Amino acid sequence: MDSSPQKPLEIYMFVDPLCPECWALEPLIRKLHIEYGRYFRLKQVLTGRLAALNLQKHTCEVRAQHWKETAVRTGMSCNETLWIDNPVSSPFLTSIAIKAAELQGRRAGSRFLRKVQELLFIGEQNISDLAVLIECAEEAKLDKTEFLNDIHSSSVAKAFQCDLTISAEMEVEEAPTLVFFNENIEEEGIKITGLYSYDIYVQIIEEMLDELPEPQSPPSLEDFLKQFRFIGTKEISIIYNWTESEVEIKMKKLLLQRKVRKVPVKFGSMWEYIH
């Protein structure tokens with residue numbers, strides 16, 4: 001996530017690590033970065049208080065049903081049996097851990113959140129468990145010692161509190177929420193709550209730039225896999241505008257070349273780059 005000051009737009013992305021719609025938003029944001037990343041900076045903001053309230057409000061059965069429905073609707077794998085077999089007890093430590101990871105840079109924070117989501121939605125892991133969070137830190141290639149020190153630091157607690165304050169100031173009551181701002185500080189931002197189709201986000205960028213920006217092409221499939229390492233069929237289809245059948249054919253070629261490993265999941269397939 002480039003922090004270059006020349007970019008005309010800033011997008012605040014409010015996420016809840018337990019929210020399946022936030023997980024389903026991931027490939028859309030990735031595609032937005034690839035095609036229009038030179039026009040905006042992305043600031044990730046945690047809405048951890050919402051997660052805590054949601055945990056209190058809904059039974060495990062209700063959450064499991066919501067995950068299953070989201071998986072069917074979006075094609076992103078959400079294994080709802082987590083809420084029956086190994087439910088998350090508290091999202092607070094998860095949120096603090098994400099802020100600790102962000103101290104090692106925006107990219108580090110994004111990699112860490114992605115690993116948390118993978119272990120939660122695909123691996124059925126309890127992400128409120130410190131041992132699971134340490135595993136995420138290792139897989140995201142963070143400095144583990146620094147990460148563990150930062151989790152207990154006052155600066156991370158303040159950073160998380162700052163996120164909650166921003167959520168309150170912008171009246172964000174649901175995740176995911178995106179708020180788009182342009183360079184004109186007199187203009188109000190455009191807030192969009194919930195999960196929408198990709199073209200809606202592009203349309204907002206076009207409106208705020210007051211021009212039709214030219215989308216950049218994605219990298220080659222192998223370069224993309226090399227960079228992100230573990231990715232779903234559905235995600236690849238979104239990034240490249242291919243059908244899932246086309247993705248499967250292309251990935252099978254890489255499988256035969258022993259460049260990837262297929263990981264079956266409850267909804268669809270995941271692919272791990274191993275070359």
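A cavity is a set of grid points where a 1.4 Å probe fits but cannot get out. Keep that in mind for this structure, which is a predicted model.

The largest cavity has a volume of about 70 Å³. Its lining is made by 14 residues. Nearest its centre lie Gly75, Gly232, Lys234, Phe267 and Ser269. Helix 12 (233-240) and strand 7 each supply at least two residues of this lining. Helix 12 gives the largest share, 3 residues. By class, the lining of the largest cavity has 5 nonpolar, 6 polar and 3 charged residues.

Now turn to the open space. The largest pocket has a volume of about 1,200 Å³. It is lined by 39 residues, and the closest to its centre are Arg30, Arg111, Arg114, Gln227 and Phe228. Several elements build this lining. Strand 1, helix 1, strand 2, helix 6 (106-122), helix 11 (221-228) and strand 7 (269-273) each supply at least two residues. Helix 6 gives the most, with 10 residues. The lining of the largest pocket divides into 17 nonpolar, 8 polar and 14 charged residues.

Next, follow helix 10. This helix runs over residues 198-209, which makes 12 residues. From its first C-alpha to its last, helix 10 reaches 17 Å, close to the 16 Å expected at 1.5 Å a residue. Which residues of helix 10 are buried? They are Tyr198, Tyr201, Val202, Ile204, Ile205, Met208 and Leu209. An α-helix has 3.6 residues a turn, so residues three or four places apart point the same way. What does the buried side of helix 10 pack against? Its partners are strand 1 (9-15), helix 1 (20-36), strand 2 (40-46), strand 3 (177-181) and strand 4 (190-193). Just after helix 10, Asp210 takes a positive phi of about 60°.

Finally, look at one residue, Cys60. Cys60 lies in helix 3 (residues 60-74). Is Cys60 buried or partly exposed? Its relative accessible area is 22%. Buried means under 20%, so Cys60 counts as partly exposed. Leaving aside residues up to four places away in sequence, Cys60 touches Trp83 and Pro87. Ala137 is 77 residues from Cys60 along the chain, and the C-alpha atoms of the two are separated by 27 Å.

Technical notes. Residues numbered from 1 in each chain as written. Predicted model: local features only at pLDDT ≥ 70, side-chain atom pairs only at ≥ 80, totals over all residues. Heavy atoms only, no water. Helix = DSSP H or I, 4+ residues; strand = E, 2+ residues; numbered from the N terminus. Expected span 1.5 Å × (residues − 1). Buried < 20%, exposed > 50% of the residue type's maximum accessible area, 1.4 Å probe, protein only. Contact = heavy atoms within 4.5 Å. 1 Å grid on protein atoms, 1.4 Å probe; cavity = no way out; pocket = protein on both sides within 12 Å on 5 of 7 lines; lining within 4 Å. Points joined across faces, edges and corners; volume = space filled by probe spheres on them. Nonpolar A, V, L, I, M, F, W, Y, C, P; charged D, E, K, R; others polar.
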